[in-house]
Amino acid sequence: MDRRHQCRYAALPRLVNGFPGGHGVSMTRICITPAAVTDLPDIVALADARRLAPDSASSDGFLVSDFSHADYVNFQQQARHLLVARIDSKPAGFLLAFGSEDSGPCSTADRWLTERFESPFLTIKQVCVDQ
């Protein structure tokens with residue numbers, strides 16, 4: 001199926017000229033689609049820009065996982081959701097989520113959830129948004 005037909009749009013307000021006191025608010029359309037293999041370099045670049053390095057956590061946010069391009073290739077095939085958001089065809093963010101039945105990265109938190117909650121459930125592993 002053509003990915004343009006899968007696109008889900010969200011309209012979000014964007015400040016114009018330093019609003020308030022500026023000229024107002026315009027609306028931005030964000031296209032959200034399931035990630036394709038061709039989106040993975042953009043996803044890795046976004047993740048790398050937010051990767052947590054020693055003493056680098058900031059108010060801008062960070063990702064604590066150290067996933068490689070190969071990891072994201074596997075996630076694209078295994079994850080319940082690997083979604084990419086684009087504004088004017090430019091990558092703006094991504095979301096990575098696994099269902100309780102999916103074979104995703106196993107962590108202490110995953111084991112804890114599986115032991116305590118009935119399936120099915122969804123675990124969001126990463127949310128990354130560009131500045």
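Is Phe-67 buried or exposed? In this predicted model, Phe-67 is buried, with a relative accessible area of 17%. Burial here means under 20%, so Phe-67 qualifies at 17%.

Start with the overall layout. The protein chain has four helices and five strands. Along the sequence they run in the order α-β-β-α-α-β-β-α-β. Of the 131 residues in the protein chain, 29% are buried. Among contacts with a separation of 6 or more, 53% join residues 24 or more positions apart. The chain exposes about 8,700 Å². Carbon and sulfur atoms supply 56% of that area.

Now return to the rings. The structure contains five aromatic pairs. One of them joins Phe-67 to Tyr-72. Their centres are 5.9 Å apart, and their planes stand at 90 degrees, an edge-to-face arrangement. Tyr-72 is buried too, at 1% relative accessibility.

Tyr-72 also pairs with Phe-94. Here the centres lie 5.9 Å apart and the planes meet at 85 degrees, so this pair is edge-to-face. Tyr-72 sits in helix 3 (residues 69-78), while Phe-94 sits in strand 4 (residues 90-99). The pair therefore ties together parts that are 22 residues apart in sequence. Both Tyr-72 and Phe-94 are buried.

Ring pairs link Phe-67, Tyr-72, Phe-75, Phe-94 and Phe-98 into a cluster.

What surrounds Tyr-72? Leaving aside residues up to four places away in sequence, Tyr-72 touches Leu-40, Ile-43, Val-44, Ala-47, Phe-67, Leu-82, Phe-94 and Gln-126. Several of these names return in the nonpolar core.

In soluble globular proteins, nonpolar side chains tend to be buried together. In this model, the largest nonpolar core has 16 residues. Those with the most contacts inside it are Ile-43, Tyr-72, Phe-75, Leu-82, Phe-94 and Leu-96. Helix 2 provides the largest share, with five residues.

Methods: Residues numbered from 1 in each chain as written. Predicted model: local features only at pLDDT ≥ 70, side-chain atom pairs only at ≥ 80, totals over all residues. Heavy atoms only, no water. Phe/Tyr/Trp six-rings, centres within 6.5 Å; stacked < 30°, edge-to-face > 60°. Buried < 20%, exposed > 50% of the residue type's maximum accessible area, 1.4 Å probe, protein only. Helix = DSSP H or I, 4+ residues; strand = E, 2+ residues; numbered from the N terminus. Core = buried A, V, L, I, M, F, W, Y, C linked by side-chain atoms within 4.5 Å. Contact = heavy atoms within 4.5 Å. Areas by Shrake-Rupley, 256 points an atom, 1.4 Å probe, with all protein chains shown as cover.
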